[in-house]
Amino acid sequence: MNSQYVVAKFGGTSVADFEAMSRCAHIVRDNPNVRVVVVSACAGVTNHLVTLTQQKEDEAGRKAVVAAVENIQQAIIDQVSLDADLAEGYKQTFSEFESLASLPALGRQQCDEMLSFGERFSSYLFTQILRNNQVQASRFDVRKVLKTDNQFGKANPNVAATREAAQTNLVALLGDTVQVTQGFIGSDQYGQTTTLGRGGSDYSAALLAEAIDASSVHIWTDVVGIFSTDPRLCVKARPIPRLSFDEAAEMATFGAKVLHPATILPASRKGISVFVGSSRDPQAGGTWIEKEKTAQAGIRAVTQRKNQILLTLKSPEMLLASGFLARIFTILSNYNISVDLVTTSEISVALTLDNAPNASRPELEQACLDELGEFCHVTVENNLTLVAMIGSEIQLKKCQLNLMDVLSEFNIRLICHGASKHNLCFLVEQQESDQVVQSIHAKLLEVA
């Protein structure tokens, strides 16, 4: 572990404009241990790029979207004046963007190429702003080191290949110069641009930290750490100073928006600490996520994930039969459907599936339901929300308040507890979920 190496990641709102980038440059300047900076696209840019990949615009519409992207970048360039090396690289990259955007239709790999431009643009601009703040900085193309498979749209990283490439091509550059690189994107074995999926910049930062043996990765966003619940729902929500890897992973998986769920994987593999703080107020502290188990048992946060599907499969064949569940999960796997929660009875099994608009897995296809229907009765329920209480050593008998007292006024569709001591999950009607979260937080987590 190289204690002097810190990877700092700045999200879209943190690099939204010149003022935001300047604040982030001060954070880097004030911490000499930061050797790698990972940037997202400037706020709003990725949405424009997504529009271009959807292939719904005519030529005039595509040109308008390109102009909107250019305006966001130009507003920053007008205040920084790019050095010759960065200006030439930016000009070439923008020319590539215009050429791709002129095409009326894009293939899957071309869509990833299109989505990569936001991070590629912002890394030129942030490198210049660092230089203007007396930080020796160079722009580094992350595709040289972050290696993935070719599952375009949500590529899977090749950890071994990424480490080998980073040790060969990146580590030697870290002595005196901060390397500014891109989140969210990588390349496959043929050098084709790939993406890790929406919000993958956090994951990129953690993968790079693992690859260069960094001691910590700092995730700078627009909130002061990870809160006990969404502060937009509960005014008394408070930041949590420290979390274990397990707790943070559960919170990210079950709806906390601050951190990409996969970020914890490389960090926990190498014991790399993760800090989450606000680039607007870096002195306000934040949340440290570390390997050490938290000393605080009990519920520490409540999260929600909307747009859930409850799939219930019922058949007398399940009674005292082997292979029933295996048959179900084989079919779901064939359709690339991932299951979150599972509960079973003697003759039925209930599964929850994520149907959020940005979910990586598809909606349930009729062909999948037809296959399942060949050997069991299938029921599909929509418009549900998964609410999760997150903490350590969670046990119903040790909850500060009887759970039934907290939830007695709501209709609970499913409860799942026991597989992990770090969560207690249940499904509620989506229209009631905000109230459920507020009730739990008020009765279990708020202090006078």
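Here are a few labels, each set against its cut-off; keep in mind that this is a predicted model.

Me: What makes phenylalanine 97 and phenylalanine 121 an aromatic pair that is edge-to-face?

Reply: Two numbers do it. Their ring centres are 5.6 Å apart, and rings pair if the centres lie within 6.5 Å. A search of the whole structure turns up 12 aromatic pairs.

Me: Why does this pair tie together parts that are 24 residues apart in sequence?

Reply: Because phenylalanine 97 sits in helix H4 (residues 84-101) and phenylalanine 121 in helix H5 (residues 108-132). Both phenylalanine 97 and phenylalanine 121 are buried, too. They also belong to a cluster linked by ring pairs, together with Tyr90, Phe94, Phe117 and Tyr124.

Me: Why is glutamate 119 called buried?

Reply: Its relative accessibility is 3%, and buried means under 20%, so glutamate 119 counts as buried. This glutamate 119 lies in helix H5. Leaving aside neighbours within four places in sequence, glutamate 119 is in contact with residues including Val39, Thr46, Gln182, Phe184 and Ser201.

Me: How do you know that the charged end of arginine 327 sits over the ring of phenylalanine 375?

Reply: The distance to the ring centre is 3.8 Å, and the limit is 6 Å, along with a limit of 35 degrees from the ring normal. Lysine 144 has its charged end over the ring of phenylalanine 140 as well, 5.5 Å from the centre.

Methods:
Residues numbered from 1 in each chain as written. Predicted model: local features only at pLDDT ≥ 70, side-chain atom pairs only at ≥ 80, totals over all residues. Heavy atoms only, no water. Phe/Tyr/Trp six-rings, centres within 6.5 Å; stacked < 30°, edge-to-face > 60°. Helix = DSSP H or I, 4+ residues; strand = E, 2+ residues; numbered from the N terminus. Buried < 20%, exposed > 50% of the residue type's maximum accessible area, 1.4 Å probe, protein only. Contact = heavy atoms within 4.5 Å.
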